[in-house]
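Open your viewer and get ready to select a few residues. We will go stop by stop.

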Amino acid sequence: MKMLDSLTFLFEKFFLFSNLNVFESLWQEEPVRCPVLRRGDLLQVQRTLFVHYGICLGENRVAHLMPDIMPVLTNNNQLIKPVVTNKRLILGCLYRNASIRVDSVEDFAYGAQILVNDMDMKVKCLALASEEVARRAEQLVGDIPYSLLWNNCEHFVTYCRYGTAVSQQTEKFCDCLKSIIRDQRSVALTVGIGVMYSLCFGLAPSTTLPTILIPFILWMAG
């Protein structure tokens with residue numbers, strides 16, 4: 001179990017950095033006027049690190065699954081309630097702490113352009129009735145276990161709108177990981193890194209076993 005937890009931890013951190021959109025955010029155009037939003041709409045915005053999703057509840061409110069480090073540091077709601085900054089979000093991802101919270105549309109967008117129901121054209125499932133979508137989101141408000149790979153904001157909105165929790169961002173990451181595993185050059189690369197690591201830190205079980213096992217697993221999987 002410890003080995004599985006360690007691999008999951010590493011995959012999640014790799015997923016986090018593989019979805020960096022720093023250069024895209026630098027060239028992002030000025031935000032446009034917010035479109036007309038209806039209760040039950042699926043909203044998405046570009047945050048610094050990745051695409052963020054939420055469900056419109058009407059009356060200028062959005063429910064969204066948001067990683068946040070602040071509840072770990074304090075129980076003061078006056079400090080937790082304000083808009084979650086990118087620093088709080090990133091630290092929340094790393095600490096795996098999150099909640100489904102309700103914020104204003106402006107706080108949810110965080111200055112970015114809002115796309116409405118754009119995912120409807122990308123998934124195979126039909127959207128549920130708008131009131132059912134909003135009701136599902138409202139019922140889930142509160143603290144929730146968080147994982148970049150298995151339980152993120154995209155899983156939350158797809159469950160609410162389509163009845164099935166899926167994440168296209170996670171699927172893309174897994175496809176990328178599969179292509180790396182299937183590329184036999186990755187075996188040679190891991191062997192080279194392992195040999196260099198052994199030369200630097202000496203021969204020991206902690207260096208020798210990974211040098212042998214990781215390339216072997218990649219070779220078998222490929």
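Which residues does C153 touch, not counting residues up to four places away in sequence? Select C153 and look around. With those sequence neighbours left aside, C153 touches V51, H52, Y53 and L65. Remember as you go that this is a predicted model.

**Stay on C153**

UniProt, in an unreviewed entry, lists C153 for "active site". Colour helix α8 next: this helix covers residues 153-162, and C153 lies in it. Is C153 buried or exposed? The relative accessible area of C153 is 6%. Buried means under 20%, so C153 counts as buried.

**The whole chain**

Zoom out and show the cartoon. The chain has 11 helices and six strands. Now switch to the surface. The accessible surface of the chain is about 13500 Å². Carbon and sulfur atoms make up 64% of that surface. Of the 222 residues, 39% count as buried. Next, think about contacts. Among contacts in the chain with a separation of 6 or more, 68% join residues 24 or more positions apart.

**Charges over rings**

Select R47 and Y110. The charged end of R47 sits over the ring of Y110, 4.0 Å from the ring's centre. Then select R136 and Y159. Here the charged end of R136 sits over the Y159 ring, and the distance to the centre is 4.6 Å. How many aromatic pairs does a search of the whole structure find? The search finds zero.

**Two loop residues**

Go to N60. This residue is found in the loop between β2 (51-58) and β3 (61-67). N60 is not a glycine, yet its phi is positive, at about 65°. With a relative accessible area of 39%, N60 is partly exposed.

Move on to R96. Look in the loop between α5 (86-95) and β4 (97-104). R96 has a positive phi of about 60°, and R96 is not a glycine either. Its relative accessibility is 36%, so R96 counts as partly exposed.

**Last stop: confidence**

Colour the chain by pLDDT. The mean is 79, and 65% of the residues reach 70 or more. Select residues 7-11: the pLDDT there is below 50. Beyond near neighbours in sequence, this stretch has five contacts in the model. Now select residues 20-32, where the pLDDT is also below 50. That stretch has 13 contacts in the model beyond near neighbours in sequence.

Note on methods
Residues are numbered from 1 along each chain as its sequence is written. This is a predicted model: local features need pLDDT of at least 70, side-chain atom pairs count only at pLDDT 80 or more; totals for chains, interfaces and linings use all residues. Side-chain values use heavy atoms; hydrogens and water are left out. UniProt positions are given in the numbering used here, feature names are shortened, and annotations may be inferred rather than shown by experiment. Helices (H or I, at least four residues) and strands (E, at least two) are DSSP runs, numbered from the N terminus. Buried means under 20% relative accessible area, exposed over 50%, partly exposed in between (1.4 Å probe, protein chains only). Contact means heavy atoms within 4.5 Å. Rings of Phe, Tyr and Trp (its six-membered ring) pair if their centres lie within 6.5 Å; planes under 30 degrees apart count as stacked, over 60 as edge-to-face and the rest as tilted. A charge sits over a ring if NZ of Lys or CZ of Arg is within 6 Å of the ring centre and within 35 degrees of the ring normal. pLDDT is the predictor's confidence in each residue, from 0 to 100. Accessible areas come from the Shrake-Rupley method with a 1.4 Å probe; for residues, only the protein chains shown count as cover.
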